Amino acid sequence: MFGHVKGAFTGASTSKEGLFEAATGGTIFLDEIGSMPLSIQGKLLRVLQEKEVRRVGSNENIPVDARVLAATNTRLEQLLEQGKFREDLYYRLSVIPIEIKPLCERQEDILPLVYHI
């Protein structure tokens, strides 16, 4: 997600921009945000707050400006209670929450989806 510089680790023969750099001026989609380890959640929170990333092995901060969409099939509120999701990241991501019920609870949507697909 954050990229790396040449020589940052074994096999890093070239520098590589991260996903946030690549998404600058656009949108980045983070799927299954609920399964993200706490160690990465802190780094993601920093990117969202500071609007900059630091590639692995670098001391330089790179400005980024990307809209973030995040999805999960896990109730983040439960993860908050269990201490598996950062509260500050939850509030940073849930600016406009959109909840979609499972398809089994929206049976009227099945036929339109079948015809579309």
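This is a predicted model: local features need pLDDT of at least 70, side-chain atom pairs count only at pLDDT 80 or more; totals for chains, interfaces and linings use all residues.
Biologist: How many aromatic pairs does a search of the whole structure find?

Modeller: The search finds two. One is Phe2 with Phe20, and that pair is stacked, with 6.2 Å centre to centre and 5° between the planes.

Biologist: Why those two numbers?

Modeller: A pair of aromatic rings is described by the distance of the centres and the angle of the planes. An angle under 30 degrees counts as stacked, so the 5° between Phe2 and Phe20 puts them in that class.

Biologist: Where do Phe2 and Phe20 lie?

Modeller: Phe2 is in the segment before strand S1 (3-4), while Phe20 is in helix H1 (residues 19-22). These parts are 18 residues apart in sequence, so the pair ties them together.

Biologist: Phe2 and Phe20, buried or exposed?

Modeller: Phe2 has 13% relative accessibility and counts as buried. Phe20 has 2% and also counts as buried. The cut-off for buried is under 20%, so each value falls below it.

Biologist: What about Tyr90 and Tyr91, stacked or edge-to-face?

Modeller: Tyr90 and Tyr91 are edge-to-face, at 5.1 Å centre to centre with 75° between the planes. Tyr90 is buried, at 14% relative accessibility.

Biologist: Changing topic to pockets. What volume does the largest pocket have?

Modeller: About 1,200 Å³. Its lining is made of 33 residues, and nearest the centre are Ala70, Leu93, Ser94, Ile96 and Pro97.

Biologist: Which elements supply at least two residues of that lining?

Modeller: For the largest pocket they are helix H2 (38-50), strand S6 (67-70), helix H3 (76-82) and helix H4 (87-93). S6 gives the most, with four residues.

Biologist: How many of the lining residues are nonpolar, polar and charged?

Modeller: In the largest pocket, 19 are nonpolar, four are polar and 10 are charged.

Biologist: And the second largest pocket, what is its volume?

Modeller: The second largest pocket has a volume of about 160 Å³.

Biologist: Which residues line the second largest pocket?

Modeller: Phe2, Lys43, Arg46, Val47, Val53, Arg54, Arg55 and Val56. Phe2 is thus in this lining and also in the stacked pair with Phe20.

How values were computed. Residues are numbered from 1 along each chain as its sequence is written. Side-chain values use heavy atoms; hydrogens and water are left out. Rings of Phe, Tyr and Trp (its six-membered ring) pair if their centres lie within 6.5 Å; planes under 30 degrees apart count as stacked, over 60 as edge-to-face and the rest as tilted. Buried means under 20% relative accessible area, exposed over 50%, partly exposed in between (1.4 Å probe, protein chains only). On a 1 Å grid over the protein atoms alone, a cavity is a set of points where a 1.4 Å probe fits but cannot get out, and a pocket is an open set with protein on both sides within 12 Å along at least five of seven lines; lining residues have an atom within 4 Å of a point. Grid points are joined across faces, edges and corners, and a volume is the space filled by probe spheres set on the points. Ala, Val, Leu, Ile, Met, Phe, Trp, Tyr, Cys and Pro count as nonpolar, Asp, Glu, Lys and Arg as charged, and the others, Gly among them, as polar.
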